[in-house]
Amino acid sequence: MSYRIGIDVGGTFTDFALLDGHEVLLEKVSSTPEDNSQAVMAGLEKLAQARGISLGELLADAEAIVHGTTVADNALIQMKGPVTGLLTTAGFRDELELRRGYKEDIWDVRLEPPPAIAPRRRRLTVPERIRADGSIHTPLDEAAARRAIEGLGRQGVESIAISLLFAFVNPVHEKRLGELVQEILPGVAISLSHRVLPRAPEFERTSTTVVNAFVGPGVSGYLDRLVERLSGAGYARDLLVMQSSGGVMTREYLRDMPIRILASGPAGGVIGGARVGAAKSEEDLLCVDMGGTSYDVSVVMGGQAPANAGWNWHHRYLVAVPMIQVETLGAGGGSICHVHHGALEVGPESAGAEPGPICYGRGGQQPTVTDAILILGLLSPDSEFAGGAFSLKREGVDAAFERELAGPLSCSVEEAAFDCWRLVNANMTQAVRRTTAGRGIDPRSLSLLAYGGNGPVFAAIQAEDLGIECVLIPRTSPAFSALGMLAASPTIDEERSYLVSAQEAEISRISALWQELEARALGYFLDAGFPKEEVALRFQMNLRYPGQNWSLSVEVATKGGESAAGFFDAGAMEKTIHRFHELHEEEYGYNRQQESPEITGVRLVSRTSIPEPVFAGGFSAEPRQAEPQGSRRANLGRGFEETPIYRGPDLAPGDRVTAPGIIEETFTTIVVYPGWEARVDDAGDYRLMRAP
Amino acid sequence: MSYEINRRLVRPRQALETSAEIDSVTAGIIRGAFETICFETATHLGRAASSAIINQSNERNASIMDGHGRLAGLSVGIPQLLFISPLAVRWGLEHFKIDDWGPGDVFVGNDPDHGGGHLPDYNVYAPCFDADGKLLAIQALQAHQGDTGGKDPGGFSVDATDIYQEGMAIPRLKLVHRGQARHDALEMLVRNNRFPSFSGDIAAMVSGAQRGAQLLDELATKWGADQVRAAINWNIRETERRFREEVSCWPDGCYEADVWIDHDTVGNEDVRVHVACTVAGDALTVDLTGSDDRPELVCVWNTFSNSRGYAMAQLVSMVDPSIIKNEGLFDAVEIILPEGTIVQPPPDKPAALGAFHPACEIGEAICIALSQILPRRSSPQVYKLGMPNAVIGVDANGQMWMDQGVDVRASDASATEGIDGWGSMCSGLGNLVLAQAEDAESRFPVLNLSREMTTDTGGAGRWRGQPGTRNVKQVLEPTTAVAWMVSKKHPLRGLRGGDDAGPYSNFFEVGSENEYEIENSVQAQLPADAVIAYQYGGGAGFEDALLRDPEAVREDVLDEYVSVEAARARYGVVLHGSVEAYDIELDLEATRRLREELRAARESAP
């Protein structure tokens, strides 16, 4: 028996998806923000129990563990990270602060600056200069370098980014500075720009390197601790980590660039969403993930979730690594409901996992969305919550709603709860409209794929607001990002800069750069136990016309196995230039065939495939009206009424649930609002449609 | 006569005829789609263009006009320039019949006397027709060209006395007829431009406008042309309503300000911009009567279309930023630009440099005037540099190249109530992506030596202006350099009692025995390895510096935004220790005494 396990650490819960052949087992435990690896181990323990085996047996049989985490995002959101400094080329101290002139809102003069990761006093410069061709214009002034490093040391710096001009062409000075830091400030973390993001220009590379320095120690410490715990408990393989690009790779690969795990949880959900949608013939999707703290919106068109590199602003910092586009709103089950200047507001503050909503009974005192939907009867103290991890408690909830909301608003507790429900709905609808209208997409043309613990509670009413006709709720929705990670392929996507006219390019130099990328990628794949003959290598070249700033990546060849890079010759160069002219015509409607383009660099996308979950759909089972297990008083938007309750695990393909109805799944609750009905498809997933 | 044309072009235009009813949500979705189309069109141009000023600096703007030539939507670009295309498009629209407009057409125009901004700013536009063959909307793209075929390379002549010296003026010209490129017209444009990259730029503008028109087509197919028209009407009305609603909350009165430019390019001093902003109920009038009209002034003439755009760019920064930008803004404000002054020049005046000054002073004057009643949103949306130091050379193949100097820098990033100046520039220029050394040096024979902020060049104030940077560049081959210097005698003004920003200064052949300061304008020959150094002015301070939190001043000193000496002299803050040792301590008692002394000295001053 061999298992594959996806783990997604979120702000409130840590989700698990165990894949055993075609069978999927879900688990969910409360996150442990102080040390997230505790929750990971606790959840694995529960998975083992559920299989009736020991943790050691589970891990020994685990063929892969794929992991996504919010550790890096949280560091940026909360600005909790090491004291970070920057060493850079003399004369370029302020590039980071000047941001190439960028401001997020050109119309709002009241926009505040982002908190400085490396304020000016911790950005120190060193006389040195490499030129565009890699030659040394000014040698590194080691005495000045020592003084700068000591200056950072006096300020208690714990992590240092080193980003020098043209280091991606010639890294000799960056490497030497790194050695000096190690010598003078042993134990301080070091991020070198030519390793984190070896490409021009300086602001993008410097910012990415500084963010890497800020989030890196936390991520590395966490992953090291986790790897140690996992191997101590019997896991023999490499830990695979989800990247923001939608691919996974080994922990070792990410050692120099932990920044690549930013936004990895949402990326897992979107990749999984695209696969589920495709299996159910819905290729244009609005993916919404409502968990404990946030509401993430992304769009999949034609089954694709594109990842863009370069001008990515993430939590107000530029991060130039490839990222899947996800927009986040501070609205989740833990979002705090409060009265501000006489008006009800929901979020963006969240009660998180600890103390969590009042109804968790862990000391929470402030009303949250989860408490509101408990009052509305959409959740119940009688049913198990989070897979039986604990029951919800009504104690203290009503008193808090009276004190914080109903009193100040002069209404009843139930009315206050209903207003919270309405308001969080409207906030989410606006977030979706900003995403879709901003891209010129009519949400009515999409299907809504809802996941996250709280997504299905709101999914149908969201669809109603947005004019969407079809809602998909995978049975695995509560741990969907964790499952999605199992659908992502191990991928290494890297570039090397080589700025030269295509006419004057040295074939041998291009081959050498590809060989370097290939050897590097295959090395990581081999170390992770992936046979190199199963790695597909896509060789690409980045080209532009003289005077242009942005390049196009031209596919040169796709090869498999070792030493594939040797294929390149003058004929292949000619073909590549020809393809570039064609591609430019396709992309921009014209080309400049009479001109010789410039090469800016080479790129290699290496990918291997691993067994992935089987997603299915369809309705071949005989339709059957499902039988409720009971009923309770609940408000589904048209006042309190006695509402039938269905047990999710008892429902089978073909089953139909009519409105009003509440389906209690192991880790989530699906509300069938008036005007809708739910059907279980052949895969056991739910499709909600307008009632006939 | 351009005055008459201008009067006609800005005359208020009627709502579109439509029988469709529309709800606010649908109107919002269609408006969002407009913004997306503009975004995609501008992005297309930015990626496909050949010259750095477009593809790297984002100096390109997309907007959509409706069938009546009203501004219906725009992308995030440069506010001042986003408001310019409508008048150029309206000039074209006046010739709808005679020019035989039809689907698949693309036009270009850049003539300041026929709705244009200045010559380098080409407006390329493509109409979109509905299923009945009726004009629905026009997609426009505006972008700055590296050359205009005038007497000097680069389009900026510091001594031009008329527009013909600046280059080729195009009132309107069809480049594509029913989808077929007019190669004769395109060849003429390319022939009148010095830079080989121009052919790529104009091709990218044409294909961008075509793409925008095609996306508008798809939008009309999806929603129906009448729904789109109803949405345009709804959004323009809503913008006017919201703008007037804000104005009605302002205290009635007349608020005036004067701003001066050091000199024109030949040394005529103290060029004046005057504004009177009158608030009466929900009506706002911005009247620039009283601005300079000396006929002998050279190069400080801002075109009519630009003056209108720069005034509006400042006004929209002073109201709720969520108000949608469209024709409703112009419906809500009366802007008076007196004929024959530097804000609406006589015909044939040179226009290139006027887009820097007095264009920016129009915004600055409005900001100072309205800061009396709108402290929360007072921040001048300006760039006070004369012009960037442009460096021009010829490569080994005999082709001309130009580094236009749109380099990363801090300049004019001013404070407003509660917020210190930050980033590079004012928020309105937040989309202008500044050039990087690694790109420029891969392309041109230059070496960027430094671009760090200079301590104490930000205006002191309760809220502090961001210091300006000193950009130092070395040319590696003999080159021509063009410069124009202002804002040294009259730097950016502090607001509500804040200090002025640090002044600009500019030196050529730095460190050699030939070193000299640029006092006004210059077109200089630089030898190989010459160094030029441009000190940019900082941002303006806001309110009295003696009111600044002393702890914030200590932080400023640690970050070397402010020196220990300036902390004492300008902020009245006494500090002990050294920056080098990171042990700066605040002496609160001495600070209290010093501030009292400084206040007393001020009061006793004449």
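Me: How many residues are in contact between domain 1 and domain 2 of chain B?
Reply: In this predicted model, 20 residues of domain 1 of chain B are in contact with 21 residues of domain 2 of chain B.

Me: Which helices supply that side of domain 1 of chain B?
Reply: α3 (52–55) and α4 (79–82) of chain B each supply at least two residues of the side that touches domain 2 of chain B.

Me: And what is that side of domain 1 made of, by class?
Reply: The side of domain 1 of chain B that touches domain 2 of chain B has 10 nonpolar residues, 7 polar ones and 3 charged ones.

Me: Where do the domains of chain B run?
Reply: The domain assignment gives 2–237 for domain 1, 380–545 for domain 2 and 549–604 for domain 3 of chain B. Between the C-alpha centres of domain 1 and domain 2 of chain B there are 31 Å.

Me: Switching to chain A. What is the strand order in the open sheet with β31?
Reply: The order is β31-β32-β34-β35 in chain A, 4 strands with mixed pairing.

Me: Which strands are at the edges?
Reply: β31 (630–635) and β35 (669–672) of chain A, each of which pairs on one side only.

Me: How are neighbouring strands turned against each other?
Reply: By 30° on average in this sheet, with direction ignored.

Me: Are β34 and β35 of chain A parallel or antiparallel?
Reply: Strand β34 (residues 661–664) of chain A pairs with β35(A) in the antiparallel sense, over 4 bridges.

Me: What stands opposite A:Ile663?
Reply: A:Ile670, in β35(A).

Methods
Residues are numbered from 1 along each chain as its sequence is written. Chains are lettered from A and ligands numbered from 1 in the order in which they are written. This is a predicted model: local features need pLDDT of at least 70, side-chain atom pairs count only at pLDDT 80 or more; totals for chains, interfaces and linings use all residues. Domain bounds come from an automatic or database domain assignment. Two residues are in contact if their C-beta atoms, placed from the backbone, lie within 7 Å. Ala, Val, Leu, Ile, Met, Phe, Trp, Tyr, Cys and Pro count as nonpolar, Asp, Glu, Lys and Arg as charged, and the others, Gly among them, as polar. Two strands pair if DSSP finds at least two bridges between them. Axes are lines fitted to C-alpha atoms, for helices over the stretch in contact, and angles run from 0 to 180 degrees between N-to-C directions.
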